[in-house]
Each structure stands twice: as structure tokens, then as C-alpha cells.
Amino acid sequence: MSLTDWARNGWLVEHQTSREEIEYLLGLADRDMRDCVRPGLSEDWQLAIAYNAALQCATAALAACGYRAAREAHHHRTIQSLAYAIQADPRLIRQFDAFRKKRNIGSYEQVGLVSEKEAREMLGLARTLRQEVEGWLRWNHPNLLSE
């Protein structure tokens with residue numbers, strides 16, 4: 001399987017990115033990583049905000065590869081694409097996807113399911129992914145980053 005195969009299956013759509021888009025997505029991730037530790041936020045919101053930070057990083061990596069996820073299963077596809085885009089560790093992808101499911105339940109079905117530990121772990125994952133994506137971009141697509 002490859003991102004090209006995913007596009008043939010209709011899971012991805014071709015997309016031409018720009019330096020501005022990549023910097024915007026990484027900037028959103030940075031903002032969310034700052035915001036998710038503000039005092040007074042519930043663990044549910046902390047996890048949701050950190051999750052969004054990580055999702056923006058994954059979106060940037062996918063965009064740099066020339067794609068965006070199709071609407072159906074958008075978050076799932078964006079997360080799973082990390083295996084092909086940046087060759088992310090399968091454990092990181094599994095953990096990220098587990099947090100996706102937890103976030104969905106906390107956002108749409110039931111509140112109070114997220115522990116402080118889980119919120120911290122999601123933030124740690126977002127920080128790790130941010131570093132990995134930027135390093136991958138610097139190595140593979142330096143034209144998409146400012147000096």
C-alpha cells in the first residue's frame with residue numbers, strides 16, 4: 001500500500017500545498033499545544049486540544065506529500081497516513097488512533113472519560129509528532145519551511 005494507492009481508492013485527494021499552508025498548520029499545532037495546558041480546562045478539553053495539535057501536524061505531513069484526506073473517515077485516514085508519509089512508528093499511530101476514539105466519545109457521547117494522565121500523554125504525542133514532522137519536512141521538503 002502507498003499514498004498513491006489510497007488516492008486510487010478514493011481515500012485521499014490530490015492537493016498542492018505551499019509554504020504558507022504548512023507554516024499555518026504547524027502554527028495551529030503550536031497554538032493548540034500552548035492552549036491545552038491553560039488552567040481551568042477539563043481533561044476532556046485538554047486531550048481534544050492536544051489531539052487537534054497532533055492532527056494539524058499529520059495534515060501538514062500529508063499535504064507535503066501532495067494529498068489531503070477525503071471527507072469520509074478524514075481523521076482516521078490522516079492519522080493512518082503517517083505510516084506512509086513520514087514512516088511514523090506504528091506504536092505512535094496506534095496510540096494516536098486510540099486517542100482519536102477517546103476524543104470522539106468525550107466530544108460527542110459522554111463527558112469525564114479522560115484522565116489527567118491521558119491528557120498529558122496526548123500532549124506528549126503531539127509534541128513528539130510536531131518534532132518528527134518538522135524534521136521530516138526539513139529533510140524531505142525544505143522548501144516548505146522558512147529558514
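Reader: Leaving aside neighbours within four places in sequence, which residues is Tyr84 in contact with?
Author: This is a predicted model, and in it Tyr84 sits in helix H5. Tyr84 and Ser2 lie 82 residues apart in sequence, yet their C-alpha atoms are 6.3 Å apart in space. Beyond its neighbours within four places in sequence, Tyr84 is in contact with Met1, Ser2, Leu3 and Trp6.

Reader: Is Tyr84 buried, partly exposed or exposed?
Author: Buried requires under 20% relative accessible area, and exposed requires over 50%. The relative accessible area of Tyr84 is 30%, so Tyr84 is partly exposed.

Reader: How many helices and strands does the protein chain have, and in what pattern?
Author: Along the sequence, the elements follow the pattern α-β-α-α-β-α-α-α-α. The secondary structure comes to seven helices and two strands.

Reader: Why does the radius of gyration of the protein chain agree with that of a compact globule?
Author: The C-alpha trace spans about 40 × 35 × 25 Å along its principal axes. A compact globule of 147 residues would have a radius of gyration near 15 Å, and the chain agrees because its own value is 15 Å.

Reader: What percentage of the residues in the protein chain is buried?
Author: The protein chain exposes about 8,200 Å², and carbon and sulfur atoms supply 49% of that area. Of the 147 residues, the buried ones make up 44%.

Reader: Which residues does Leu129 contact, leaving aside neighbours within four places in sequence?
Author: Leu129 is one of the residues with the most contacts inside the largest nonpolar core, and it is one of the buried residues of H7. Neighbours within four places aside, its contacts are Ala54, Cys57, Ala58, Leu82, Ile86, Leu92 and Phe96.

Reader: What distance does H7 reach from its first C-alpha to its last?
Author: H7 has 25 residues, and at 1.5 Å a residue 36 Å is expected. The reach of H7 is close to that expected value, at 36 Å.

Reader: Which helices do the buried residues of H2 pack against?
Author: The 17 residues of H2 should span 24 Å at 1.5 Å a residue, and the end C-alpha atoms are 24 Å apart, which agrees. An α-helix has 3.6 residues a turn, so residues three or four places apart point the same way. The buried residues of H2 include Ile22, Leu25, Leu26 and Ala29. Those buried residues pack against H3 and H7.

Reader: What is the relative accessible area of Leu47?
Author: Leu47 is in helix H3. Leu47 is buried, with a relative accessible area of 0%.

Reader: How far is a polar atom of the side chain of Thr78 from the backbone oxygen of His74?
Author: Thr78 is in helix H4 and counts as buried because its relative accessibility is 1%. Residues up to four places away in sequence aside, Thr78 touches Leu55, Ala58, Thr59, Leu62 and Ala69. A polar atom of its side chain lies from the backbone oxygen of His74 at a distance of 2.8 Å.

Reader: What is the phi of Ala73, a residue other than glycine?
Author: Ala73 is in the loop between E2 and H4. At 36% relative accessibility it counts as partly exposed. Its phi is positive, near 55 degrees.

Note on methods:
Residues numbered from 1 in each chain as written. Predicted model: local features only at pLDDT ≥ 70, side-chain atom pairs only at ≥ 80, totals over all residues. Heavy atoms only, no water. Core = buried A, V, L, I, M, F, W, Y, C linked by side-chain atoms within 4.5 Å. Buried < 20%, exposed > 50% of the residue type's maximum accessible area, 1.4 Å probe, protein only. Contact = heavy atoms within 4.5 Å. Helix = DSSP H or I, 4+ residues; strand = E, 2+ residues; numbered from the N terminus. Polar contact = N/O pair within 3.5 Å; in protein donor to acceptor, adjacent residues only side chain to side chain. Rg over C-alpha atoms; globule rule 2.2 N^0.38 Å. Areas by Shrake-Rupley, 256 points an atom, 1.4 Å probe, with all protein chains shown as cover. Expected span 1.5 Å × (residues − 1).
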